[in-house]
Amino acid sequence: MHYSPPDRPAALALYRTMVRIRAFENAAETASQGGVSAYGQQAAAGAAVAMVRGPLHLSTGQEAVPAGVCAHLRPADYLTSTHRGHGHTLAKGADLSRMMAELFGKATGFNGGKGGSMHIADFSVGMLGANGVVAAGLPIAVGAAHAQKIQKRDAITVCFFGDGAINRGPFLEALNWARVYELPVLFVCEDNRWSATTASGPMTAGDGASARAEALDIAATQVDGNDVFAVHAAAGRLVAEVRSGGGPRLLHALTYRVKGHVSVDPAAYRDPAELAAALETDPIANARAQCLAAGVSAAELDTIDAEAQTEVEAALKAANAAPWPDASAAFTDVQTTGAGQWR
Ligand SMILES: Cc1ncc(C[n+]2csc(CCOP(=O)(O)OP(=O)(O)O)c2C)c(N)n1
C-alpha cells in the first residue's frame, strides 16, 4: 500500500497512543492476577489479592487501529466501542487514571466503580460506551450519527466492532440504515481473526466486512491494521469523506488478537505457529522501526515508553488509594424495574 507517512510530531503522537494502551493493559492484566478470578478460581494460598476482578478483554497487538483512527477525531465526535475497548477509550482521549480506577472497582472510576472494563463510557470526550453485547455498538453508533445529522452538528461518529460482530444481525441493520439516511458514520472492523474461541474465517460466508459493506453500496477500504501509519492514512481519507457529508464508510483493519479471549484464557485452542507469525508483525515494534528509519532517535522513543510507564504506575497507585464506592451508591445510575422486592 502507498501512503504518505504523517509528519514527525504526528508520528510520535501515534506511537505514544499505542504505548500508553499497551502499558495500561499490561498493568491491568498483572493487577488481575492472583486472588479470585472472574471465573471463581481460587488463588494459591499466599498469592496476592487481585486488584482487578471480572473479565478483561485485552487488545494487545491491536493498538494501531484505535491510534490511527482516533487521531483524526475531535472531542465533539462520538465513538462506540466493544468489550475489548481500553484502546478505543484511551485513543479518544479519556482519562487513563479514571479507567484504571474503574477496573479496580473504585469510586473514582468512570462508572463509580460499578461498571468495570466492559461498561466504561466518558461522554466528556464523546466516548459513548464499551459494550459487552457483540455488535450492539453498531445500532447505537447509527442512532448517534442520525442525531448528529438531524441536529446539523459538525461532528461524526466512529463505530468499532470485531470480525465476529459482522455475523450478527445488527451489523446489517446498522449499515443499511446508515446508507439509506447517508449518516456521518465510519464503521471500523477490527479483524483480529478470532471470535472468542472460534476462528472467524471458517464461520464467515463470503469475503467479510468490506465485501458486505460494498454490497450495501458503502465504500470500504482494507488496511494492514498492524501498521499505524497505514491505518492513519486510510482513516484520514475516510474520516474526511464522512465529515464532508459523503455518507458512511467502512474501514476493515486486518490485525491479530495476541492474547486469549479474556485475560484468564490461555488460548490453547490455537496453533502456536499462528501466534508466532503474528508476533512478528507487532504494531509497536513496526512503528518503532519506521520511526527509527525516518531518523527519530531510539532515546526519544524510549522516553515515550518511560513516560507511559510512569503514567500507568501513578494510575495504579491512585486506584489502589482511592475509596470504594459507598453502599448508598448501589442503587444510583442503575435501571429500576419498578418492582423492588429483589432489594
Ligand atoms: C450477542 C452476544 N453473543 C455472544 C457473546 C459472547 N461473546 C463475547 S465476545 C465474543 C466474540 C466476539 O468476537 P469479535 O466480535 O470478533 O470481537 P473480539 O472478541 O475478537 O474482539 C462472543 C461470542 C456476546 N457477548 N454477545
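The lining of the largest pocket comprises eleven nonpolar, 13 polar and four charged residues. Here Ala, Val, Leu, Ile, Met, Phe, Trp, Tyr, Cys and Pro count as nonpolar, Asp, Glu, Lys and Arg as charged, and the others, Gly among them, as polar. The model is predicted: local features need pLDDT of at least 70 and side-chain atom pairs pLDDT 80 or more, whereas totals for chains, interfaces and linings use all residues. Residues are numbered from 1 along each chain as its sequence is written, and side-chain values use heavy atoms, with hydrogens and water left out.

**Aromatic pairs**

- The whole structure contains three aromatic pairs (Phe, Tyr or Trp rings, the six-membered one for Trp, with centres within 6.5 Å; planes under 30 degrees apart are stacked, over 60 edge-to-face, the rest tilted).
- The ring centres of Phe 161 and Phe 171 are 5.6 Å apart and the planes stand at 55°, so this pair is tilted.
- Both Phe 161 and Phe 171 are buried, where buried means under 20% relative accessible area, exposed over 50% and partly exposed in between (1.4 Å probe, protein chains only).
- Trp 194 and Tyr 269 form another tilted pair, with 5.4 Å from centre to centre and 50° between the planes.
- Trp 194 counts as buried because its relative accessibility is 10%, whereas Tyr 269, at 31%, counts as partly exposed.

**A charge over a ring**

- Lys 106 lies over the face of Trp 324, 4.7 Å from the ring centre; the criterion is NZ of Lys or CZ of Arg within 6 Å of the ring centre and within 35 degrees of the ring normal.
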